[in-house]
Amino acid sequence: MRTTTALREQACQVLEANWTGRFTKPAPRLYPHQWSWDAAFIALGWMHEDQERAQQELRHLFRAQWKHGLVPHIVFDRRARGYFPGPGVWETHRSPDAPARIATSGIVQPPVHATAAWAIYQQARDRSAARAFLEELFPKLAAWHDYLFRERDYYGEGLVYIRHPWESGMDNAPLWDGIAQRMHLNPGDRPRYRRVDTTLVAEADRPTSAEYDRYLYLVRLFAEAGYDEARIREACPFLVQDVLFNTLLCRAEQDLAEIAAELGEDSEPFRQRACRVAEAVNRKLWDDRRALYFDYDLVLDRPIWVRMAACFTPLFAGIPDGLQAARLVSHLEASGFFNWDGSCYSVPSYDPNGLGFSPVRYWRGPVWININWLLIEGLARYGYTEHAAHLCRTVRLLVERNGFYEYYHPYTGEGHGSEQFSWTAALVMDLLARRPEWMQWGVRSTRRRAVA
Ligand code: 2M8
């Protein structure tokens, strides 16, 4: 067992090693640029160690914001090499809204940024620097959320859609299998490319080539449409109202309302939007019979009944009422997602009993620390402290025994994907700082045994 101080120092070393002087890479070699939701999670770790770097992380990302508010999922670092697909594939110069001097992708990732900005402000030692940071970021965050509601909630339902699996952050989740099967690619539709990821980590850990063909097909469709949202909406075979994305947007609107109030601005519009999203998630994505939230496929006009750990995350934004929350927690315990007895490191990304579950392949089963962090905070929000503490201890065990990996085998705990992964380190730093009692090794669970 390592002391808390030693673990925190090791986590901090991961962030330090991935710090480029301008932003933090998600991983040393596999991800050499800046990613959008990674930046927010990474800032949540830096804020305990170095307030300036936490602020810098988000400033760097928002410098690449598009004119109409879109925050790109990747901000390319001109000095870095060895990532595919790079700027030449995205061709964002076809859009009048893309920044002229900064190379970016043309899709988004879940909006965790207002949540990170508000947390940084609350933790800040240098209050005046934090206030200046909030003042600078506030209009950019508002423009980001406005873009989402304007362009992605086209039907005014209170739910935004994503238009690429990468926009969910859960790239090859079984959620998208049905849509991928509907995307019949003719020989001419299959882009020619060479992947880099499978030269850096095990091929068995990563998405398949058939999945990559479809990711790139969609990217080409966006580029050919000049990134015009109306044209994309007409042609795109992938339009999904995702539970995780909308949950994080709902929470981000709540946090933006806090920021607005702190700055003396009108917070009401943000609060109202947060309530609208929460109501819409409950109205359209909640399945009362199955007691779970499900994504919705707008192209086929029907729910996607695939059970991911992300289906439980509305707890993070306070979306379910008390009864729904109790049913969600029962469901979590009764399924293979949550194990008091140590038979599985909780919580795997995908239902261990689901079709196509894999303990090692990317978003098809392994344990991801960011999803667990969201569940820990969500369970704590509703008073399920034993469950939250149990997850904290399993997170600690995973990193202590195996290091700061991108994801973990749910049965052996073995690390997969990239080592020295930034958001794993950052979120462990955050839990050690804010949830110290739950992160204590050896603290006896008040109920049954933690993973042993
Ligand atoms: C993964 O996604 C990228 C594409 O965006 C990739 O596989 O190349 C995902 O896990 C995503 O959620 C994450 O933000 C990104 C960087 O960590 O890697």
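Which space is taken by the ligand?

Reply: This is a predicted model, in which local features need pLDDT of at least 70 and side-chain atom pairs count only at pLDDT 80 or more, while totals for chains, interfaces and linings use all residues. Residues are numbered from 1 along each chain as its sequence is written, and side-chain values use heavy atoms, with hydrogens and water left out.

The ligand takes up the space of the largest cavity. A cavity here is a set of points, on a 1 Å grid over the protein atoms alone, where a 1.4 Å probe fits but cannot get out, and a molecule sits in it if more than half of its atoms lie within 2 Å of its grid points.

Around the ligand there are 17 residues, and the closest are Asp-38, Tyr-83, Gly-169, Asp-171 and Tyr-362; a residue is counted if one of its heavy atoms lies within 4 Å of the molecule. This shell divides into 11 nonpolar, three polar and three charged residues, where Ala, Val, Leu, Ile, Met, Phe, Trp, Tyr, Cys and Pro count as nonpolar, Asp, Glu, Lys and Arg as charged, and the others, Gly among them, as polar.

A polar side-chain atom of His-73 lies 2.9 Å from an oxygen atom of the ligand, an N or O atom in the side chain of Gln-109 is 2.9 Å from a ligand oxygen, and for the side chain of Arg-206 the distance from an N or O atom to an oxygen of the ligand is 2.9 Å. Of the 410 Å² of accessible area that the ligand has on its own, the protein covers 100%, with areas taken from the Shrake-Rupley method with a 1.4 Å probe.

Phe-84 and Pro-85 are joined by a cis peptide bond, with omega about 5 degrees, and Pro-85 is found in the loop between strand S2 (74-75) and helix H4 (87-90); helices (H or I, at least four residues) and strands (E, at least two) are DSSP runs numbered from the N terminus. Another cis peptide bond runs from Ser-346 to Val-347, with omega near 0 degrees, and Val-347 lies in the loop between helix H13 (322-334) and helix H14 (369-381).

Conventions: Polar contact = N/O pair within 3.5 Å; in protein donor to acceptor, adjacent residues only side chain to side chain. 1 Å grid on protein atoms, 1.4 Å probe; cavity = no way out; pocket = protein on both sides within 12 Å on 5 of 7 lines; lining within 4 Å.
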